[in-house]
Amino acid sequence: MKKLFLAIALTMAAWGSYASTNDDFAWGNASVYFVITDRFCNGDTSNDVNYGRKNDYGSERMNAATFHGGDFKGMLKKAQDGYFTEMGIDVVWMTDVYEQIHGWMSGSGDVNDFPHYGYHGYYPLDYTQIDKNYGTVEEFRALVDCLHAQGIRVMLGANINNPGYPTLLDAVQYGFAPTGNMTEAEAAEHHREWSYSNWTKENRDWDRWWTCDWLRLGEEEVNETAPETMTLFGLPDLKTEKTEAVKIPKFLKAKWKAEGSSNDAWVNPSARHLRNDQNMAPAEYFIAWIASWVEEFGIDGMRCDIVEYVHLYRWKEMSDACNAALERWRKRHKGEPASDWDEKFYMTGDYDYASIDYKPDYAAAGFSSMVNFYLPKHGDLDSIVYTWQAYADSVAAHSDWHPFSYLNNSYHRDTDMNNIIDCATCLLLSPGAVQIFYGDESRRGLSDARLNVDSDQAFRSDMNWETADSAVHEHFKRLGKIRQSHRVIGSGRQITIDNHTCARTDGKETVVICVVPNPERGINVGGQFADGTVVTELYTGEKGTVKDGRVKFASHRNNVAIIAVAE
């Protein structure tokens, strides 16, 4: 049986001083922390405003989707303080770091009640450099190296369906559409009467934007029943099926020429050669640009956006490109903490309202999971054991596929935050990979954006460092470290004992999990441990002896007991 070992990584400033505690890592049972970089921690106020953007429109409600200042320096400080290692985090998933569109989009389509910037990374403008609001290339490198030294893998986002929206500010700066005599400052102001739909229909000069060589435009006939050829939310739709080579858009070439060497601190060195025309189709440029981040920084995986809207073979091409790029990075960085990791490049994806069902075509294209929208989100401990059984059965059935479950994420906040303790138990003891959304562990509240038409912005509020719920955070930390030290919880075969109790076993270790334990009756270990065996309740550290197939402990905390053989 595996000895109990709850290790906490050392957090020193230099990566060489870190002690990695994640040698038995596997993507299939990983604990993932998903963070919107802009909303997490502001470590450098000098980079809060860039590109002519405006970040203050007078109220929290109007500022719902401006850039709020979170950056790499802030995240690095939290990593050095041990914030992620103390929760047993295996993977930090950051929103896309690529330079975003400079201007704002209507708050919710044509209901233009607030300005919506690309703070979340979903509106890329330039895949070859970092958005200045997040920090520099070297600041990003320091963050990735720090996480790697702690044994933590790093994920980014990958979107090959579309670039970001055209906006008034970008149009003024790059001259791709008429804006009259509008200045940059005027374009950054919020114009409530402005209609994106009307503006893009009436004022297009695509010769100076991405052009119809790259994009599926409104005047073209498309098959609206095929997701791969549909326009989503009015976003410019990339022709992923196109195989003919295209030239890099004029506005990007002009942008790079105008920036010259002044932007070197933000340009990805591995993408610089990709700023020249290649013999590539549109999707191939996007794939090469994305893979360059893997090659430069050793990025370990990607969450791929709206995967069903992209032709499947393109995802396979991206998987191949990123695997090759990761291998090149590992060979060039011998001696660094992540260079000896041997797992393949990881891909998960958002397939609208996917569950844990196996998708063999996507597995063949390089995916190991789809984000599971259906983990129960109300902390119902009377039924969760049966949900876990289905997840464990799925893990056992497919060596190349696993659940990837969450409580909250960037698009959905369905969780009963008043019952977040039990919800966390349901998530963190679940088979497969699990994803914590930043602030789940601190009971982060909603912003005043809940009053806007697009109320989803409300749960992308700033991290509540000053008002974090310490009891909730402690529960996440305790369960996270137990899960990390006992990988059988995420990957073991499950045996359901009763409606509150199950065992997980992998042939080397067995744990029994009981929710809503009864101190008087004791816990039914279901024959997993023989009478007379001394076991440990991992949550409290209390030891007990199995008698008549049960074990009793003096007390229980937070409606959960996790039992393993003592040392």
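Q: Before we start, what does buried mean here?
A: Buried means under 20% relative accessible area, while exposed is over 50% and partly exposed lies in between, with a 1.4 Å probe and protein chains only.

Q: Thanks! And what kind of model is this?
A: This is a predicted model, where local features need pLDDT of at least 70 and side-chain atom pairs count only at pLDDT 80 or more, though totals for chains, interfaces and linings use all residues. Residues are numbered from 1 along each chain as its sequence is written, and side-chain values use heavy atoms, leaving out hydrogens and water.

Q: How many aromatic pairs are there?
A: There are 50. Rings of Phe, Tyr and Trp (its six-membered ring) pair if their centres lie within 6.5 Å; planes under 30 degrees apart are stacked, over 60 edge-to-face, the rest tilted.
A: Y123 and Y165, for instance, are edge-to-face, with 5.1 Å centre to centre and 80° between the planes.

Q: Where do those two sit in the chain?
A: Y123 is in the loop between β5 (111-116) and β6 (124-130), and Y165 is in the loop between β7 (153-158) and α4 (168-174), 42 residues apart. Helices (H or I, at least four residues) and strands (E, at least two) are DSSP runs, numbered from the N terminus.

Q: Is Y165 buried or exposed?
A: Buried, with a relative accessible area of 5%. Y123 counts as buried too, at 9%.

Q: New topic: which ring lies under the charged end of K78?
A: That of W465, whose centre is 3.9 Å away. A charge sits over a ring if NZ of Lys or CZ of Arg is within 6 Å of the ring centre and within 35 degrees of the ring normal.

Q: And R478?
A: Its charged end sits over the ring of Y539, 5.2 Å from the centre.
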